[in-house]
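Dear colleague,

Please find the structure below, handed over for your study.

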Amino acid sequence: MAKTVIATGTSSGLGFELVKQLLSQSTPYTFIMGARDTARTQAAYDSLKYDTTKHSIHILPLELSSLRSAQSFAEQALAQLGSNKLDYLFLGAGVLDGASGAGPNGSAWCEGYVVNHLAQHYLVHLLRDALEASRTRVVVVSSGAIRSVRDQDPATLDVDLKANSNAGVRAVYSASKFVQLLGAHYWRRELPSCTIVAVSPGLIPDTKLASSMGLTMNMADAKTIPEGAQNLLRAFTADVPSDPEQIFLTSWGEWWPKDVYAMSLDRDLQKKWCLSKDEIEKSEGLT
């Protein structure tokens, strides 16, 4: 039986390499992917010349700065999934944003927040029934940047993640990835039949996102894109700790102690930043 994966962030970089490595395995996979440029993404995967008798790839339009696009993607992905089991949900999309302009589609929030957290959190809401029925493993691509929230003060999130805050690329990235981790904890409780894993690929300077932040392969602990993808792949099969709050898999294959991300365990913060489906649709003008 083929393993089925619904995925974001697999058009290039680490996500593309992760799928490439899965396509080389003996296990058959069915991928349902969201992509901004479906034609370019389709051409990139066609160039891999993978075994189409064993694997299948379905690329659907998805622009994560638009929650309406997330709605459309979810509808099409569920139609493509049909009655099949959803084995994995891979949430790997991410952008850099300095919050120097208006929010996308009239949002009060900057694009970095909408793409890195809100739209993908909303997508989990839209796929919830399938996730619960399939006991899906949800893999969230996180980052060590979650430790760099400005002043280690959650109150700065309300400032830095707003549209036109001019907070800067590093501040917005750290804040949005921290909020994303709050979401992983939220879904761990909300989806008890599922397995939720947050995972860091490590320092991967050759990705477009990392190079835009000035990271280079000369840095200590720098890893290649194939190495980073292998780190992410561990999250697909790793045995999870008995402590349900220990959900963060490091790039060196160990589970981070909870004290490293203790601030993200605050349930009040999780509730504040992880809105319900109805709350999202109301706040973002979808109703």
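Predicted model: local features only at pLDDT ≥ 70, side-chain atom pairs only at ≥ 80, totals over all residues.

Residues are numbered from 1 along each chain as its sequence is written, and side-chain values use heavy atoms, with hydrogens and water left out.

The sheet

Helices (H or I, at least four residues) and strands (E, at least two) are DSSP runs, numbered from the N terminus. Seven strands form an open sheet in the order E3-E2-E1-E4-E5-E6-E7, with parallel pairing. Two strands count as paired if DSSP finds at least two bridges between them. In general, strands of a sheet pair through backbone hydrogen bonds, either parallel or antiparallel.

Strand E3 (56-61) and strand E7 (248-249) stand at the edges; each has a single partner strand, so one side of each is left without a neighbour in the sheet. The partner pair E2 (residues 29-35) and E3 is joined by six bridges and runs parallel, and Gly-34 stands opposite Leu-60 in E3. E1 and E2, also parallel, are joined by five bridges, with Ala-7 opposite Met-33 in E2. Strand E1 (residues 3-8) is mostly covered, since five of its six residues are buried; buried means under 20% relative accessible area, exposed over 50%, and partly exposed in between (1.4 Å probe, protein chains only).

The nonpolar cores

A nonpolar core is a set of buried Ala, Val, Leu, Ile, Met, Phe, Trp, Tyr and Cys residues joined through side-chain atoms within 4.5 Å. The largest one has 60 residues, and those with the most contacts inside it are Tyr-113, Leu-131, Leu-161 and Trp-273. Among the elements that give two or more residues to this core are helix H4 (111-134), strand E5 (137-141) and helix H6 (169-190). H4 supplies the largest share of this core, 12 residues. Apart from it lies another core, of 32 residues, among them Ala-7, Tyr-45, Val-141 and Leu-232.

What does Leu-161 touch, not counting residues up to four places away in sequence? Its contacts (heavy atoms within 4.5 Å) are Trp-109, Cys-110, Tyr-113, Val-172, Ala-175, Ser-176, Val-179 and Trp-273.

The cavity and the pocket

On a 1 Å grid over the protein atoms alone, a cavity is a set of points where a 1.4 Å probe fits but cannot get out, and a pocket is an open set with protein on both sides within 12 Å along at least five of seven lines; lining residues have an atom within 4 Å of a point. Grid points are joined across faces, edges and corners, and a volume is the space filled by probe spheres set on the points.

The structure holds one cavity of 30 Å³ or more. The largest cavity contains about 140 Å³ of space. It is lined by 13 residues, of which Leu-91, Val-140, Gln-180, Ala-184 and Trp-187 are the closest to its centre. H4 gives the most to this lining, with five residues. The lining of the largest cavity divides into seven nonpolar, six polar and no charged residues. Here Ala, Val, Leu, Ile, Met, Phe, Trp, Tyr, Cys and Pro count as nonpolar, Asp, Glu, Lys and Arg as charged, and the others, Gly among them, as polar.

The second largest pocket has a volume of about 190 Å³. Its lining has 14 residues, and Arg-188, Thr-195, Ile-196, Val-240 and Pro-244 lie nearest its centre. Strand E6 (residues 195-199) gives the most to this lining, with three residues. Nine of the lining residues are nonpolar, three polar and two charged.

Single residues

Most residues other than glycine have a negative phi. Lys-49, however, has a positive phi near 55°, and lies in the loop between helix H2 (38-46) and E3. Asn-166 also has a positive phi, of about 55°, and is found in the loop between helix H5 (155-160) and H6.

Leaving aside neighbours within four places in sequence, Thr-41 is in contact with Ser-11, Ala-35 and Ile-59.

Yours sincerely
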